[in-house]
Amino acid sequence: MLKEKIEKIKEAALVAVENAKTVEEVLQLEIQFLGRKSEFVGILRQLKDVSPEEKKEVGQLANAVKVEIQTLLDQKKKNLASTFDAAAEKIDVTVPAVKLRRGHLHPLTQIQNEIEDIFTSMGFEIADGPEVEDEFHNFDALNMPKDHPARDMQDTFWLRSQTSADKTQTKADNRQNDTEEKKGERILLRTHTSNVQIRYMETHEPPFRIIAPGRIYRNEAGDSTHEHTFHQFEALVVGDDINVGNFKFVAQQFFSKFFKKDIQIRIRPSFFPFTEPSFEFDISCTVCGGKGCSACKNAGWLEIGGAGMVNQNVFVAAGYPRNKYQGFAWGFGVERLAMMKYKISDIRLFHSGDLRFIKQF
Ligand code: DAH
């Protein structure tokens, strides 16, 4: 009796397992045929009521069948897990994709690219120069000799000069250092982009128009409008008859394009050693257009930076004959323009690395 039942269960299990199509189905069959509440386990419980001989015989059979069914189940599970299920693999191309987070250019880089695009569209070339600069190109050639008070306007990060740092000093070396210092060859981090004026003119003949955007350094404490590291872009236009009118026109064009509205400009007398005459340069307020508001402190104008007609001493230092050419130049802060355009109140945000700030651009 019991033997027959066991054989029947075995046959049913063989067929069922054979026909199973998924791993879940097999797991279900495992419970059905070998689980605690299965018929099979029920039979094993009845063994206690039969004669010792039958118990032995049926017990052995039951064990063999159990192992056989279990082996079969395991085999089937393995096979199903490794077969390719086309239905499950179907791709629904209409399901909305997971949005990938992408990085983007830093706001300062975006602004610099914008500036470069506007100027190249006006026929300007982009020039470049070193951030680690010698005293000659950063100061002397720009008509700022060592004892010139204007040097104090730009607190400087001085770097150890190669000659004095790396050599054991002798009297001759000292004399050599002295002459190198006279030639302005001490090394520093450039305090403005005006060094590029000299670098460019040393290797190019007028006429030309360039801008030179880049990073600059000042040895000073920071606050919401000052950083030790920031960016300027220099402009330099040189030819036979460049005048202040050309400067005003180019500047007016640039700022109108940059702020995407009509910008008026105003120049006020100022002083820079490398220009004569020199100006402070203002634009009509980008918020109120000149009527007066909180952004311009009711002045109607916003200060932008310094500009002027290139001092003939600068041309001479760069190797041009005196009074042969005329040109205009300016140096404006890139952060300042970005802050005006996007109404940013603290210059330190640019280098803060704060993603809450960066992600807004
Ligand atoms: N180099 C000056 C500064 O950093 C800015 C400047 C003023 C540049 C007048 C110029 C200029 O080219 O003509 O403060």
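This is a predicted model: local features need pLDDT of at least 70, side-chain atom pairs count only at pLDDT 80 or more; totals for chains, interfaces and linings use all residues.
## A side chain reaching for a backbone

The side chain of D134 comes to 3.2 Å from the backbone nitrogen of F136. That's a polar contact, meaning a pair of N or O atoms within 3.5 Å, with one able to donate a hydrogen and the other to accept it. D134 itself belongs to strand β2, residues 132-134 (strands are DSSP runs of at least two residues, helices of at least four). Is D134 buried or exposed? D134 counts as buried because its relative accessibility is 16%, and the cut-offs are under 20% for buried, over 50% for exposed, and partly exposed in between.

Residues are numbered from 1 along each chain, and side-chain values use heavy atoms, leaving out hydrogens and water.

## Two asparagines

Now for N311, which sits in the loop between β9 and α12 (312-317). Its side chain gets to the backbone oxygen of P273 at 3.3 Å. N311 has 14% relative accessibility, so N311 counts as buried.

N19 is in helix α1, which covers residues 2-19. With a relative accessible area of 47%, N19 is partly exposed.

## Around the ligand

There are 16 residues around the ligand, and H192, S194, R218, Q232 and E234 come nearest (to be near, a residue needs a heavy atom within 4 Å). Which elements give two or more residues to this shell? We'll get there after a look at the contacts.

E234 has a polar side-chain atom 2.6 Å from a ligand oxygen. For Q232, an N or O atom of the side chain is 2.9 Å from an oxygen of the ligand. W330 uses its backbone instead: an N or O atom there lies 3.3 Å from a ligand oxygen. Taken alone, the ligand exposes 360 Å², and the protein buries 93% of that (areas by the Shrake-Rupley method, 1.4 Å probe).

As for the elements, the ones giving two or more residues to the shell are β6 (229-239), β9 (301-310) and β10 (326-333).

How values were computed:
Buried means under 20% relative accessible area, exposed over 50%, partly exposed in between (1.4 Å probe, protein chains only).
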